[in-house]
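Here is a short briefing on one protein model.

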Amino acid sequence: MAQLITQGIDNIKQVKSALMEQTGHITILKNSKEDLHFPLITDGKVNIDVLEVLNHDENWLMKQLTCQGFAGVEEIFLAEYLDEELKITPYPTSH
């Protein structure tokens, strides 16, 4: 419940589903689609559980990365699913 409260959830009825991440954090799918926020890639690693919740697979994810100009997940620091779009934050490049 403490993690739910920190994510702005004060009633368990607001939660559609929850995933326990390997880090111990909880990814929440609220009953309202307005607040969907999913980390699909964290530190170059794909979160398969989140892909399954979103009814997507690794092929879909790779197509999304390719369309945005990335060759693979190892280039990505963070990729989040926000407002039904994949928002990508790559690792910084050195000059």
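Tyrosine 91 counts as partly exposed, because its relative accessibility is 31% and the class runs between buried, under 20% relative accessible area, and exposed, over 50% (1.4 Å probe, protein chains only). The model is predicted: local features need pLDDT of at least 70, side-chain atom pairs count only at pLDDT 80 or more, and totals for chains, interfaces and linings use all residues. Residues are numbered from 1 along each chain as its sequence is written, and side-chain values use heavy atoms, with hydrogens and water left out.

**Aromatic pairs**

- Rings of Phe, Tyr and Trp (its six-membered ring) pair if their centres lie within 6.5 Å; planes under 30 degrees apart are stacked, over 60 edge-to-face, and the rest tilted.
- By this rule there are two aromatic pairs.
- Tryptophan 60 and tyrosine 81 pair edge-to-face, with 6.1 Å from centre to centre and 70° between the planes.
- This pair links distant parts of the chain: tryptophan 60 sits in helix H3 (residues 58–67) and tyrosine 81 in strand S5 (residues 76–82), 21 residues apart.
- Tryptophan 60 and tyrosine 81 are both buried.
- Phenylalanine 77 and tyrosine 91 also form an edge-to-face pair, because their ring centres are 5.8 Å apart and their planes meet at 65°.
- Phenylalanine 77 is in strand S5 and tyrosine 91 in the segment after strand S6 (85–90), so this pair ties together parts 14 residues apart in sequence.
- Phenylalanine 77 is partly exposed, at 43% relative accessibility.

**Nonpolar core**

- A nonpolar core is a set of buried Ala, Val, Leu, Ile, Met, Phe, Trp, Tyr and Cys residues joined through side-chain atoms within 4.5 Å.
- The largest one has 18 residues; Leu40, Ile41, Leu61, Leu65, Ile76, Leu86 and Ile88 touch the most other members.
- Two or more residues each come from strand S3 (37–42), helix H2 (48–53), H3, S5 and S6.
- Leucine 40 has contacts (heavy atoms within 4.5 Å) beyond its neighbours within four places in sequence, including Val50, Trp60, Leu61, Tyr81 and Leu86.

**Surface and charge**

- Met1, Ile5 and Ile12 make a nonpolar surface patch of about 340 Å².
- Patches take residues with over 30% relative accessible area and no salt bridge; like charges are joined within 9 Å, nonpolar side chains (Val, Leu, Ile, Met, Phe, Trp, Tyr) within 5 Å.
- Isoleucine 12 lies in the loop between helix H1 (2–6) and strand S1 (15–20), and is exposed at 52% relative accessible area.
- The whole structure holds one salt bridge, defined as a side-chain nitrogen of Lys or Arg within 4 Å of a carboxyl oxygen of Asp or Glu.
- Lysine 87 and glutamate 85 form it, with their closest N and O atoms 3.3 Å apart.
- Lysine 87 is partly exposed at 35% relative accessibility, and glutamate 85 is partly exposed at 44%.

**Whole chain**

- The protein chain has three helices and six strands; these are DSSP runs numbered from the N terminus, helices being H or I of at least four residues and strands E of at least two.
- From the N terminus the order is α-β-β-β-β-α-α-β-β.
- The C-alpha trace spans about 45 × 25 × 20 Å along its principal axes.
- Of the 95 residues, 33% are buried.
- Of contacts between residues at least 6 apart in sequence, 33% join residues at least 24 apart.

Methods
Accessible areas come from the Shrake-Rupley method with a 1.4 Å probe; for residues, only the protein chains shown count as cover.
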